[in-house]
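Colleague: I'm new to this one. Can you walk me through it?
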Amino acid sequence: MHPTIAVISGHPTLWRVFKREKANVDLMRLLSLRFEGRFESVIAQHCLIIEAIRDRHPEVAEAAMHAHLGRVLPSLEAMQARYPTYFENEAAPRASARRFA
């Protein structure tokens with residue numbers, strides 16, 4: 001579903017970047033799902049996005065996607081606080097600051 005959304009939204013390059021960083025993204029997903037309520041929240045966000053696309057409501061889909069993606073950085077900051085050994089330093093997480101062995 002993710003590659004399809006990237007293409008129909010006019011951002012096919014986004015999926016290529018995502019795939020290149022997939023191992024890191026998958027680890028962040030797994031770590032974030034350990035936070036209480038996170039799984040249910042992500043499922044609800046995805047459902048809202050998919051329903052808006054299915055029902056041909058691009059403005060709703062775009063708003064839902066922005067809301068969904070807007071939760072990424074706070075999640076990374078929470079993960080850094082909870083799992084500091086996955087990050088090279090204690091500064092705000094950056095894509096180049098991740099260390100995964």
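Colleague: Let's start with Lys22. Which residue does Lys22 form a salt bridge with?

Modeller: Asp26 is the partner of Lys22. Their closest N and O atoms are 2.9 Å apart. Keep in mind that this is a predicted model.

Colleague: Where do Lys22 and Asp26 sit, and how many residues apart are they?

Modeller: Both are in helix α3, which covers residues 22-32. They are four residues apart, so about one helical turn separates them.

Colleague: Why does that spacing matter for direction?

Modeller: An α-helix has 3.6 residues a turn, so residues three or four places apart point the same way.

Colleague: What about Arg29? Which residue does Arg29 form a salt bridge with?

Modeller: Asp26 again takes part, this time with Arg29. The closest N and O atoms of that pair are 3.1 Å apart. Arg29 and Asp26 lie three residues apart in α3, so they too are separated by about one helical turn. With 33% relative accessibility, Arg29 counts as partly exposed.

Colleague: How many salt bridges does a search of the whole structure find?

Modeller: Three. Besides the two with Asp26, there is one between Arg54 and Asp55. Here the closest N and O atoms are 2.9 Å apart.

Colleague: Is Arg54 buried or exposed?

Modeller: Arg54 is exposed, at 57% relative accessibility. The cut-off for exposed is over 50%. Asp55 has 37%, so it counts as partly exposed.

Colleague: Which residues do shared partners join into one network?

Modeller: Lys22, Asp26 and Arg29. Their salt bridges share partners, and that links them up.

Colleague: New topic: helix α6. Which residues of α6 are buried?

Modeller: Ser75, Leu76, Met79 and Gln80 are the buried ones. The helix itself covers residues 72-82.

Colleague: Are they on the same side of α6 or on opposite sides?

Modeller: The same side. They cover an arc of only 140° around the axis, which is why they share a side of α6.

Colleague: And what covers the buried residues of α6?

Modeller: The cover includes α3 and α4, the latter being residues 38-54. So we are back at α3, the helix that holds Lys22 and Asp26.

Notes:
Residues numbered from 1 in each chain as written. Predicted model: local features only at pLDDT ≥ 70, side-chain atom pairs only at ≥ 80, totals over all residues. Heavy atoms only, no water. Salt bridge = Lys/Arg side-chain N within 4 Å of Asp/Glu carboxyl O. Helix = DSSP H or I, 4+ residues; strand = E, 2+ residues; numbered from the N terminus. Buried < 20%, exposed > 50% of the residue type's maximum accessible area, 1.4 Å probe, protein only. Arc of directions from axis to C-beta. Contact = heavy atoms within 4.5 Å.
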